[in-house]
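Dear colleague,

Here is the structure I promised to pass on. Please look it over first; my notes on what was found follow below it.

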Amino acid sequence: MKKLLLVIVVVLFLMTFVQPIAQIESNADEQTYDTVVLRGSADSLDWGSNNNPLTYDEENKYWASAPITLEGGKTVEFKYVYDGNWMPGANLTFTPPQDGDYIFTFYPDEERRVDVQLADTSSGSLTLNLTVPKNTPGWVVPTLASNLNSFDYKVSPLTKVAEGIYEIEVRGEAGDRLEYVYSLGGESYKEVIDAPREATFTEDNQVYNDKVSEWENIPVAHQVTHNFNHTPYTPDKHDEPKVTVTVEHYGPIDEGAVYFTTDGSSPEGKRGDAENGKVTGLKVVETTSNKEGLYTSTLEGTIPKQKNNTRVKYKIDVWNSGSEGSQFADNNSLSSDEATEFAYYVEDYQSPEWAKESIIYQVFVDRFRDGEESNNTSTDPSLPEDERLKGWMGGDLQGVIEKLDYIESLGVNTLWVSPIYEGPYSHGYHATDFMNVDPRFGSNELMKELVDRAHERNMKVVYDLVPNHVSNKHDFFQDAVEKGESSQYYDWFTFLKWPDQYETFYDVKELPELNNDNPETREYMLETVVPFWMDEIGVDGFRLDYAKGPSYSFWVDFRHAVKQNDPDAFIFGEVWDSLEKITSYTGKLDGAIDFETQTAIYEAMINGGSMNDFGASLDRIFSTYHDEFIPATFLDSHDVPRFIYEAEGNTNTLKNAASLQFTLPGAPIIYYGDEVGLSQSGDHNLVDEWKDRYYREMMPWDQDEQDLDVKAHYQKLIEVRKENKALTEGELKIVHSTEDLLIYERAAGQQKVVVIVNQGDEKQSVELLDIYNQRTPNTVMFEPLLEDKPVIKGKKGNLAIESPAQSVEVYKVKGKLYN
């Protein structure tokens, strides 16, 4: 391994709500795992391969990667996979301070530690020696924004070497030039300078002595944090939400204010004076300090109660009454027009009743059925199937319409239609027109016909809305690229350096992100796009792609727009993140895709995890969700490998997993083809691109290619869920668990359903009355719901059930069974 040059080590604090970290038996003299692999969001990484393995260092007892190229200033989300198991909890993040090759280090006994260091792989370097003005606060650390970190003003701090003097070493190829600007941790605090400075990388590390004469602004505090800390989190008309702000500071902070609006506009104000909206004060309620002289103050205040269906938007600043200026939460802006906008929706927070009972069938249109061959203008039957799967396969809306009877026969009551916008790709997520169906899928009229015909069958339809980004071929983006700031769409996007550098979805240049905090962009999405799909097409709600992209303020406006149109509409988001992040959308959305439960089921069923851990995970997950927040559970999707493929074709494992999914809280999603055992024709681990082609294969319509036993199992699960309110309304309670056995119940009113999971290799005799500690004689009976078996009756105070190996059995309780 080459010599490491430490530029910056970023240490992230553990998030409050994360999956319990696996218990690791760490032995200082032994290698803990056989394999550790790095996966992540950067171009040099990916989420589905083992292309970035780590090597174990016997001497230091850690795992280290080979040098991996990262782009400076672009935050990377990543996780380690050890012995085939994903590291639990939220994704880790790291923002490289400069372009370069980085080495990731994994510590088995500190698996959430972020240790990413710049490798010494460049031919040149330079050292910047900086002298700051005398009015620079001693507690502020200067930072370097450069062409090697997309001019990010936060990620590259200098090191203090003497009073008023700081230093940083930067790596690069000899002869290349560095363009750079100094700041005090943000663009608002950059040096007063006409143009970026320049320096050249050399093999002998040339030193440049710089001096800043003046900063544009001086920070008021070290950090101002609110993070939506208002109580209650889902206020109604009776509540006066309490707002809590935490300030880390060195100089005095004694005042604060909340500027709020209730008409949908953005609040503005500074130092207690509201320029738009109203103001309420914050008072310091506690201040502590540490030995380094850093103070931490807590400020609190209340926002007056508002009537239901009100959008409350607010901004927060703090200041020292004896000086000038103020600083805003959470982005530490010095002006309200650039400050973070917080928001909440006032209502009696409820989700649609039909959504709580929904059983969702996800149709990926291009891969479902080819109903109209004349629109197959982009298919190429001459290509090998493996290549065809990268492009258009011919599935269309006509094909979905023709198979509505099939979908209905399964018993599902909700249809999720994948994006069918005009765009270059068959998956539909690269929209070039939000209000026109791509001719290769059909037409707007055909989509409306699909919705109408589904409604005739008492089925709801939710559509896959993509509000976060567009295709770079979209007319709005092309206009902004061509005309620059003179384009009416320039501010609809965030250009870092026009025209080539702009904010994108996960660094995909083809997907520029929409600036939904721009009023005109938000108005277009909420007053033009949303009404089109709801009113003209008639959908009953939206699955929201990459919901964590747009701001919370956007989602408050989105909820208001949708619910004013149809209070019964169902809106649920894709929030691929920690449980804490998912539940933060409570009060804004009706629910979210339940990645946490999918991970728990996968670990239990595919990786053979213990039932003790599985039960603990389920208890943690479902006790965290708000009663009105609907988790949409799933086994696989268009973005992850087919569950049955990961189960190595074992249909019993798939059926067991489906039994869990349908007996747990939430709205279960069936990804098309799961119900007939559709797997993958290729191994996604063996290809470097288009891995998801194997997750999106054509639906088999020939019954000889379908697993009818699996289909019958799904139909039975749907029937059982519909007939037992305990499975849609009941609370989840973990009754008993061992390494191999888990018993949980769902109870609503007088109805109770008990699920017995035996993941062991031997059958077990389960004495239910002992487990329930019910000693008195009774007439409790257990009625099997998934199989045609006799009712099991208690005899002489005993109720024993034989639980087969590798099984999930579901029983309806008749009689009284107490905990």
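In what follows, a residue is called buried when its relative accessible area is under 20%. Please also keep in mind that this is a predicted model.

Confidence. The protein chain has a mean pLDDT of 93, with 95% of its residues at 70 or more. In residues 1-29, however, the pLDDT is below 50. That stretch still has 58 contacts in the model beyond near neighbours in sequence.

Helix α14. By the cut-off above, the buried residues of α14 are V710, K711, H713, Y714, L717, I718, V720 and R721. They pack against α4 (404-410), α13 (651-663), β41 (669-671) and α15 (726-729). The helix has 16 residues (708-723), which at 1.5 Å a residue should span 22 Å; the C-alpha atoms at its ends are 22 Å apart, so the two values agree. Where α14 starts, a side-chain oxygen of D707 comes to within 3.1 Å of the backbone nitrogen of D709.

The core. The largest nonpolar core has 138 residues, and those touching the most other members are Y361, I407, L415, M447, W533, F542 and F558. Helix α7 (residues 519-537) supplies the largest share of this core, nine residues. Leaving aside residues up to four places away in sequence, L415 touches Y361, V363, V400, L404, I407, L450, M459, K460, V461 and V462.

Strand β14. This strand covers residues 177-183, and five of its seven residues are buried, so β14 is largely enclosed by the rest of the structure. It runs antiparallel to β11 (residues 143-146), to which four bridges join it. In that pairing T143 stands opposite S183. Four bridges also join β14 to β15 (residues 197-200), again antiparallel. Here E179 has E198 as its bridge partner.

E628. This residue lies in the loop between α11 (611-624) and β40 (630-632). Is E628 buried or exposed? Its relative accessibility is 16%, so E628 counts as buried. The side chains of E628 and K356 are joined by a polar contact of 2.8 Å. Not counting residues up to four places away in sequence, E628 touches K356 together with Y349, Q350, S351 and D590.

Regards

Notes
Residues numbered from 1 in each chain as written. Predicted model: local features only at pLDDT ≥ 70, side-chain atom pairs only at ≥ 80, totals over all residues. Heavy atoms only, no water. Helix = DSSP H or I, 4+ residues; strand = E, 2+ residues; numbered from the N terminus. Expected span 1.5 Å × (residues − 1). Buried < 20%, exposed > 50% of the residue type's maximum accessible area, 1.4 Å probe, protein only. Contact = heavy atoms within 4.5 Å. Polar contact = N/O pair within 3.5 Å; in protein donor to acceptor, adjacent residues only side chain to side chain. Core = buried A, V, L, I, M, F, W, Y, C linked by side-chain atoms within 4.5 Å. pLDDT = per-residue confidence, 0-100. Pairing = 2+ DSSP bridges.
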